[in-house]
Amino acid sequence: MPAQMQMQDVEDKTFVPMDPEQPMISIENVRKQYNGSVVALDGVNLAVKPGEWVAIMGPSGSGKSTLLNIVGCLDLPTSGRVVIAGTDTSSLTGRELTRFRAETAGFIFQQFHLIPYLTALENVMMAQYFHSMTDEQEARKALDLVGLKDRSHHLPSQLSGGEQQRVSIARALINQPRILLADEPTGNLDAENERIVMSLLRELHMQGNTILMVTHDPIIGEMADRKIVLEHGRIIHAQHYTFEEEILFDEVLEQLWVFEERAEHATQDQLQFEGGGNLKLLPVMQDIGLLHRNGKQLAMTLVGRERAASHVRRHRLAECLFAETIHVKNDRGLKSNACTFDQLLSSEMTEKICTFLNHPSQCPHGNLIPPGPCCSYANT
Ligand code: ADP
Ligand code: MG
């Protein structure tokens with residue numbers, strides 16, 4: 001291995017300073033289909049805050065490793081957006097992506113994936129080599145951190161499973177990545193080594209590292225700040241929101257939609273909460289992938305925008321219905337009746353009203369009505 005390798009020729013456009021409000025990981029509507037048939041991820045949305053520890057659980061084949069690999073830029077989504085530390089990974093070319101991966105993600109695998117003919121120290125230095133330059137002192141420090149100072153010249157075959165996993169944790173940490181990605185890190189370990197590895201991960205979490213960890217074990221899952229469960233490539237939401245809370249989410253989305261219509265930036269100070277909502281909704285809406293926050297600025301995610309379009313469509317169609325059928329004309333009457341009524345409209349009923357009104361393109365106030373499936377059918 002060359003003692004030094006520098007990659008100065010690669011332009012550094014991947015480094016973006018982090019805003020503490022910005023998610024470290026933002027996954028929007030990500031789909032992954034293999035060989036045109038197996039759908040491993042089917043519309044996944046996830047936002048992970050800097051310093052958060054998230055456990056990914058779910059049955060075998062549910063897409064956990066695929067999700068981790070996509071976050072770590074080992075694999076690309078078939079569609080959807082992946083933004084890591086403020087960088088949209090689809091904007092990076094092959095070389096930039098390789099460098100971004102080395103700087104951003106540290107991987108810990110169930111099978112350790114150590115190179116059998118290299119010593120513990122050389123295995124750790126190997127990761128530095130892919131990054132920028134090797135530094136034996138740094139590698140020794142990393143081994144010391146995982147309690148393996150005295151084992152640096154041992155080959156993987158001379159180490160226990162737990163020790164091998166600790167070498168791979170040192171390897172994951174050596175480039176000071178922004179995110180640690182652990183795929184069943186204790187899957188091949190006995191109870192004692194599992195305890196050692198988990199206490200290491202807990203310590204890394206306390207030092208502020210962002211951790212995404214796949215595990216089958218509910219007890220290990222409990223150590224994380226938050227658990228998400230995948231099933232058939234979709235996140236099963238453990239958290240359910242009440243009808244009233246869902247309405248408050250729609251109210252915020254509708255306002256963001258109107259800002260976008262006027263081509264204006266929205267900030268949280270401009271929001272109006274009429275139905276008992278308040279600013280505390282915003283982090284929840286960010287967590288469930290409906291909006292982005294950048295300081296006080298707000299923007300909808302793809303999913304948030306789809307939901308807003310559907311809500312705005314229901315509301316404006318309800319206004320048309322009241323104006324045209326029972327001739328409600330004044331603004332306040334239209335708004336309050338439509339607000340109550342639109343909450344009750346199923347998507348089927350919405351399409352029926354749209355067809356009944358002959359697919360209007362504008363509401364009585366002259367605002368555009370987002371088209372629905374019945375409109376494209378009617379136009380073909
Ligand atoms: P988990 O980690 O939850 O067990 P995976 O993410 O490994 O699940 O796999 C999700 C689905 O995608 C499974 O049906 C699996 O067979 C399939 N899959 C994973 N990797 C590939 C691949 N490289 N080619 C084709 N199918 C794959
Ligand atoms: Mg897996």
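Here are some notes on the structure above, point by point.

1. First, the ground rules. This is a predicted model, where local features need pLDDT of at least 70, side-chain atom pairs count only at pLDDT 80 or more, and totals for chains, interfaces and linings use all residues. Residues are numbered from 1 along each chain as its sequence is written, chains are lettered from A and ligands numbered from 1 in the order in which they are written, and side-chain values use heavy atoms, with hydrogens and water left out.

2. Now the overall layout. The chain splits into domain 1 (2-239), domain 2 (243-300) and domain 3 (305-379); these bounds come from an automatic or database domain assignment. Between the C-alpha centres of domain 1 and domain 3 there are 46 Å. The C-alpha trace spans about 85 × 45 × 40 Å along its principal axes.

3. Secondary structure next: you can look for 13 helices and 13 strands. Helices (H or I, at least four residues) and strands (E, at least two) are DSSP runs, numbered from the N terminus. Of the contacts between residues at least 6 apart in sequence, 71% join residues at least 24 apart, where contact means heavy atoms within 4.5 Å.

4. What share of the 380 residues is buried? Buried residues account for 49%. Buried means under 20% relative accessible area, exposed means over 50%, and partly exposed is in between (1.4 Å probe, protein chains only).

5. Have a look at the largest nonpolar core, which has 34 residues. A nonpolar core is a set of buried Ala, Val, Leu, Ile, Met, Phe, Trp, Tyr and Cys residues joined through side-chain atoms within 4.5 Å. W53, V124, L143, V167, I169, L201 and M213 touch the most other members. Elements giving two or more residues to this core include β3 (53-57), α3 (120-131) and α4 (136-145). There is also a second, separate core of 30 residues, with M24, L41, A85 and L97 among them. As background, nonpolar side chains tend to be buried together in soluble globular proteins.

6. On to ligand 1. The residues around ligand 1 include Y34, N35, P59, G63 and K64, where "around" means that a heavy atom of the residue lies within 4 Å. Both β2 (38-48) and α1 (64-71) supply at least two residues of this shell, and the largest share, three residues, comes from α1.

7. Which polar atoms come close to ligand 1's oxygen atoms? A polar backbone atom of G61 is 2.7 Å from an oxygen atom of ligand 1, and a polar backbone atom of S62 is 3.1 Å from one. For S65, an N or O atom in the side chain is 2.9 Å from a ligand 1 oxygen. Taken alone, ligand 1 exposes 570 Å², and the protein buries 60% of that; these areas come from the Shrake-Rupley method with a 1.4 Å probe.

8. Is E52 buried or exposed? E52 counts as buried because its relative accessibility is 8%. You'll find E52 in the loop between β2 and β3. Its side chain makes a polar contact of 2.8 Å with that of R226. A polar contact is a pair of N or O atoms within 3.5 Å; within protein, one must be able to donate a hydrogen and the other to accept it, and residues adjacent in sequence count only if both atoms are side-chain atoms.

9. Finally, V284 sits in helix α9 (residues 281-287). V284 counts as partly exposed because its relative accessibility is 28%. Leaving aside neighbours within four places in sequence, V284 is in contact with Y241 and F249.
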